[in-house]
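Hi,

Here is the structure I promised to pass on. Have a look at it first, and then read my notes below.

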Amino acid sequence: MPITSEQFAAPEASSGDGPINLIGMNRAELTATLETLDEPRFRADQLFKWIYGRGATEFDQMTNLSKTLRAKLADRYVVARPQISQDLASKDGTHKWLLRLDDGNEVECVHIPESDRGTLCVSSQVGCTLNCRFCHTGTQRLVRNLGPAEIVGQIMLARDHLGEWPTVERPSIYERELSNIVMMGMGEPLYNFENVSAALKIVMDDAGIAISRRRITLSTAGVVPLIERCGAELGVNLAVSLHAVRDDLRDEIVPINRKYPIAELLAACRDYPGVRNSRRITFEYVMLRDVNDTDADARELVRLIAGIPSKVNLIPFNPWPGAPYDRSTDERIEAFAEIVRSAGYPSPVRTPRGEDIMAACGQLKSESERPRRSVAG
Ligand code: SAH
């Protein structure tokens with residue numbers, strides 16, 4: 001089913017009389033906006049390039065637009081990123097930004113520099129509804145979905161911060177600090193698919209931010225009915241938070257399994273559009289001591305994924321206050337990895353990054369909570 005722009009408008013629409021943010025609008029929406037100002041359609045391409053290709057924040061920077069148009073735009077519109085309310089740097093170079101959204105809610109966004117790439121871990125929701133037992137975000141009740149502007153805004157803000165917008169003098173930057181995106185921050189991206197999809201289409205556009213789908217990975221706990229569409233519509237890499245090889249255990253630690261059990265999830269992975277040996281599915285597997293980390297678990301994992309072009313990313317459990325689990329020992333993790341590797345699947349162990357600032361996988365949480373409904377009301 002084609003998606004209409006109206007479906008994206010709801011969470012974004014600024015209900016008050018305040019200025020409207022152009023970030024989050026795609027070409028069609030920019031075109032429609034310009035038409036209301038009696039401007040020709042081709043101006044939308046120029047505007048798109050200024051906003052997403054150059055990172056312009058002021059209309060006066062947009063020198064190929066007439067002064068009259070710039071004034072008309074400045075009158076009613078803004079090009080606004082989320083505000084940074086806290087900026088934490090880890091000793092390992094990882095950076096965590098706590099972002100304040102227009103309605104006061106907060107989400108986190110993490111930049112992880114590595115020798116051959118720089119990855120931005122982007123949030124899709126304020127909080128999360130999944131309640132995975134080992135995940136800190138899961139202890140925060142969902143407040144709401146992020147809109148396209150708030151998702152694209154995270155990437156634009158990181159680019160501002162890293163000083164990586166191409167300029168006329170430096171039109172292309174190859175050695176980027178922000179080369180890859182993982183939709184692995186707060187929230188379940190497939191429970192906010194319309195907005196995540198709108199945002200990623202903007203991010204992948206060659207005239208704008210231009211990060212290729214090959215450098216974008218979307219991670220899901222297993223929203224089976226949307227997996228096919230994610231591949232067909234976006235073509236990004238898929239990561240699946242598997243974490244257990246038996247339904248009884250997965251029901252407990254990744255409760256969405258009660259709705260979409262392992263067999264259905266793996267069938268969707270097998271059919272993921274574009275999957276092949278050079279574009280593997282990543283299975284994420286958190287290593288919880290004495291819970292899911294035996295040799296037998298590893299052998300069962302290998303049996304389950306047989307025939308799916310995959311790699312298995314082992315994530316040593318990252319603790320948080322009150323967490324009911326411990327991290328598996330290094331020896332256990334290595335023994336587990338060895339079984340998976342000897343069956344022919346790459347099985348990297350994810351080095352925890354930014355642990356000292358609570359920026360590692362599963363440690364993200366903001367203070368935003370849904371206000372309690374009044375019982376009397
Ligand atoms: N909701 C999506 C996106 C979150 S990605 C998903 O579940 O895939 C974040 C990854 O970190 C997921 O694989 C998640 O299961 C994992 N994770 C959560 N808590 C963790 C923790 N405490 N230690 C290590 N990994 C964790």
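Met-358 sits in the segment after helix 11 (330–342); helices here are DSSP runs of H or I with at least four residues, strands are runs of E with at least two, and both are numbered from the N terminus. Its phi is near 55°, a positive value in a residue other than glycine. Most residues other than glycine have a negative phi. Met-358 counts as partly exposed because its relative accessibility is 25% (buried is under 20% relative accessible area, exposed is over 50%, partly exposed is in between, with a 1.4 Å probe and protein chains only).

Before you go further: this is a predicted model, so local features need pLDDT of at least 70 and side-chain atom pairs count only at pLDDT 80 or more, while totals for chains, interfaces and linings use all residues. Residues are numbered from 1 along each chain as its sequence is written, and side-chain values use heavy atoms, with hydrogens and water left out.

Asp-290 also has a positive phi, near 60°, and is a residue other than glycine. Look for Asp-290 in the loop between strand 12 (281–287) and helix 10 (295–304). Asp-290 is exposed, since its relative accessible area is 69%.

On to the helix pairs. Two packed helices are described by the angle between their axes and the distance between the axes. The axes are lines fitted to C-alpha atoms, for helices over the stretch in contact, and the angles run from 0 to 180 degrees between N-to-C directions.

Helix 10 packs on helix 11 at about 30°, and their axes are 9 Å apart. That angle makes helix 10 roughly parallel to helix 11 (under 35 degrees is roughly parallel, over 145 roughly antiparallel, 65 to 115 roughly perpendicular, and the rest oblique). Asp-295, Asp-297, Ala-298, Arg-299, Leu-301 and Val-302 of helix 10 meet Arg-332, Ala-335, Phe-336, Ile-339 and Val-340 of helix 11, contact being heavy atoms within 4.5 Å. By class, there are seven nonpolar, no polar and four charged residues in this contact (Ala, Val, Leu, Ile, Met, Phe, Trp, Tyr, Cys and Pro count as nonpolar, Asp, Glu, Lys and Arg as charged, and the others, Gly among them, as polar).

Helix 6 (residues 193–204) and helix 7 (residues 224–233) pack at about 15°, with axes 11 Å apart. So helix 6 is roughly parallel to helix 7, and the crossing is right-handed. Helix 6 brings Phe-193, Glu-194, Ser-197 and Lys-201 to the contact, and helix 7 brings Leu-226, Arg-229, Cys-230 and Glu-233. These divide into three nonpolar, one polar and four charged residues.

How are helix 2 and helix 3 oriented to each other? They are oblique: the axes of helix 2 (residues 27–36) and helix 3 (residues 43–53) cross at roughly 120° and come within 9 Å. This crossing is right-handed.

Is His-111 buried or exposed? It is buried, because its relative accessible area is 3%. The His-111 side chain reaches the backbone oxygen of Glu-177 at 2.6 Å; a polar contact is a pair of N or O atoms within 3.5 Å, where within protein one must be able to donate a hydrogen and the other to accept it, and residues adjacent in sequence count only if both atoms are side-chain atoms. Leaving aside neighbours within four places in sequence, the contacts of His-111 include Gly-93, His-95, Trp-97 and Leu-162.

Cheers

Methods. Left-handed = near helix turned anticlockwise from the far one by under 90°.
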